[in-house]
Amino acid sequence: MVAQAWRIRLLTMLEYKANFFMWFAFTIAYHGVAVAALGATLYNFPSLAGWDFREIAFLYALWMLGHSTHNLFFFSIGDVPVYVQEGTFDRFLVRPRDVLFQIVTVPNQQWPDELALAIVWFGFATWYAHVAVDWVFLLAVPLIVLGGVLIDLAVSLMVATISFWFVRVDTLRWVVMSLEQEFTRYPVSIYTRGVRILMAYVLPYAFMNYFPAVYFLHKSDQGLTVVPWLGLLAPLVGGLWFTAAYAFWRVGLNRYQGTGS
Amino acid sequence: MLSEIGSLVLRVYLIRALWTALYAHNPAPPNLPLHAIITYSTVALLLSLIFEVDGTRQLREKLRLGTIATDLLKPISIPGFLFSDGLGMTLLHAMTVIPSLLIALLLVHVDRPATAGAAAAFLAAFALGYAVNFLLNFCMNCVAFWTLETFALQLVVRWLSDLLSGAIIPLAFFPGAFQSVLLHLPFAAVYSTPLLIYLGLLRGQQIGHALLEQAAWLLAFAAVAALAWNRGRDRVVVQGG
């Protein structure tokens, strides 16, 4: 059934070829501007808490892999608060299929362009930052990406569930999005203690890129990294957070009452 | 409103954390000590609250939905209407700047304008920047006369102009020749010029030149906007009902 849903989505995408190029330009511009700003900044200030531009490029690439894979498969979970507000969420409840499955397969305009760009950029950044490509690297990277996807998924699922109670969660969505997209661009060590703990152990975005990058680049981290290989635990952290988020989602679904609109 | 303030707090925090870390381990660039860059970035952020209000976006909607047809029958100037409407929206939005500034001041120290003269020149440069930004947005939305769907294009231009206008980082951070080009592009007229005047990095005659350059871009864009509007209006094709 999953395969069937994806076949339909692929066929839909192929119907809009011009759109593909437009969104590809859009994706390149978004990440291009972010990386160029980092590049220009580090051109003037060669060290950001001990990280140079090459290492920051690798940090960005790791985040981009997890983030774009999540967006490709699970982007529509972010729309749940909108469905709840508009009252269209109820139709998922009356159909005889798993609610989460239905939401994930809502037709949308998520192209694999961002993931393709992420893979290219990751390949480049790995070479550029002189990361040793050994069997540990080859084995660990897919698992870290999986962990990153699960972390992203867990947080968006929690926000979606919170919207069952507090219909309007725009502020929360903004804050979470900003933490995920902007705070992950820099080494977590530049933040104050509270924010470091938030990024590491509450909304564990640091496991998407910072801790794994600390491991691959042999960086030292003050305060948070208990062991150098902490970053390899990303899939475990992702799995735990996702399990918790899914349990919360089930509870939320049972309590869901709708907005009455 | 609340979500804007929430995201603003995070951004101001990020400005402080990032620049503090950068200045801790690197020599400061000439003329730009830590308090100046924090002031620059925070004022740029507050300016973006105003500049990101795009009153001309309605034009795109009107073209998409076809309601432009009835507007064209009315005895009003549509560009004039969009400008006044945008100005109204901006003034309403400017109200959020005050609480935002107060919250920002809790997190970072923002320097006052370099001198009273700099403050006056900043206001003039800000007004000119506002007009250039309006015309730039207007031209972008006029593209909808030809292609109808312009959303992705507009975001691409918005991001590029954020980078090239000095909204994210000062243009002085770009390498030599590229920087001199950027300083004279219309994007710089929106953010960079008012901010450099605010910090006192442009002085005396330089201020006069910068304001003249902004005015020149204003006239150039006004001409392009008028041309785009006239050509576009003549070929309005209303799709569907």
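Modeller: Helices (H or I, at least four residues) and strands (E, at least two) are DSSP runs, numbered from the N terminus. In this predicted model, local features need pLDDT of at least 70 and side-chain atom pairs count only at pLDDT 80 or more, while totals for chains, interfaces and linings use all residues. Residues are numbered from 1 along each chain as written, chains are lettered from A and ligands numbered from 1 in written order, and side-chain values use heavy atoms, without hydrogens or water.

B:Asn141 counts as buried because its relative accessibility is 0%, the cut-off being under 20% relative accessible area with a 1.4 Å probe, protein chains only. Beyond its neighbours within four places in sequence, B:Asn141 is in contact (heavy atoms within 4.5 Å) with B:Asp54, B:Thr56, B:Arg57, B:Leu59, B:Arg60, B:Leu63 and B:Gln154. With the side chain of B:Gln154, the side chain of B:Asn141 makes a polar contact at 2.9 Å; the term covers N or O pairs within 3.5 Å, one able to donate a hydrogen and the other to accept it, and residues adjacent in sequence count only if both atoms are side-chain atoms.

As for the two chains, 31 residues of chain A are in contact with 32 residues of chain B. One salt bridge is found across this interface: B:Arg11 and A:Glu182 meet through their side chains at 3.9 Å, N to O, where a Lys or Arg side-chain nitrogen must be within 4 Å of an Asp or Glu carboxyl oxygen. Helix H2 of chain A gives the most to the side that touches chain B, with 13 residues.

Terms used
Buried means under 20% relative accessible area, exposed over 50%, partly exposed in between (1.4 Å probe, protein chains only).
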